[in-house]
Amino acid sequence: QCMQDMARYIRDPRYVRVEGRPLVIVYRAGLLEDPLATTNRWRQYCRDAGIGELFLAAARIFGVEDPRQYGFDAAVGFPPNSLTNRPPTVQVPGLVDGFEGAVYDYEQLAQWNPVPETPSPYFDGVSPGWDNTARRGKRACILANSHPHAYEQWLERVVASTIARNTPDHRLVFVNAWNEW
């Protein structure tokens, strides 16, 4: 059903493609019921519907190190989620009592942003800022001290790295998320 609903969009010639194949990214690949069977079903549906081959990518979070085990072709960095496997770096005064989340210094996290060694293609990501307190409450992840210049520097580094290590068809950088406060 999912791929049937998406078909009209991925048929559009303006749709983002990698290697000439429509790119579909899944946020939590590990939550798909039988991910490998699901990706195989999606691929077969697109072949049968005349769309052709898909290029499937999984966000590199929540234990997804090698997306191929789930039937995906590539991984996508999803900062800050893909970068916060380190201890929090900032103590912020005035946090609500019982705060169990993490606060990271934006510039430190942006500087640390390594390109992981992955057995599959990897598309890097950046984040202009992050504070998911509205959704997560006391378990929020917050990037403190973000500002446009730091974002610009992070984006420039990631773009330069992406250009240097990838063929033109794999030169994609993702932004997460303009709307996360």
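Student: Is Tyr27 buried, exposed or partly exposed?
Tutor: This is a predicted model, where local features need pLDDT of at least 70, side-chain atom pairs count only at pLDDT 80 or more, and totals for chains, interfaces and linings use all residues. Numbering runs from 1 along each chain as its sequence is written, and side-chain values use heavy atoms, leaving out hydrogens and water. Buried means under 20% relative accessible area and exposed over 50%, with partly exposed in between (1.4 Å probe, protein chains only). Tyr27 has a relative accessible area of 38%, so call it partly exposed.

Student: How many aromatic pairs are there?
Tutor: Rings of Phe, Tyr and Trp (its six-membered ring) pair if their centres lie within 6.5 Å. By this rule the count is four.

Student: What do we call the pair of Tyr27 and Phe78, going by their planes?
Tutor: Planes under 30 degrees apart are stacked, over 60 edge-to-face, and the rest tilted. Here the centres are 5.0 Å apart and the planes sit at 50°, so the pair is tilted.

Student: How is helix 1 set against helix 2: parallel, perpendicular or oblique?
Tutor: Helices here are DSSP runs (H or I, at least four residues), numbered from the N terminus. Helix 1 (residues 2–10) packs on helix 2 (residues 35–48) at about 45°, with axes 10 Å apart. Under 35 degrees is roughly parallel, over 145 roughly antiparallel, 65 to 115 roughly perpendicular and the rest oblique. That makes helix 1 oblique.

How values were computed:
Axes fitted to C-alpha atoms, helices over the stretch in contact; angles between N-to-C directions. Helix = DSSP H or I, 4+ residues; strand = E, 2+ residues; numbered from the N terminus.
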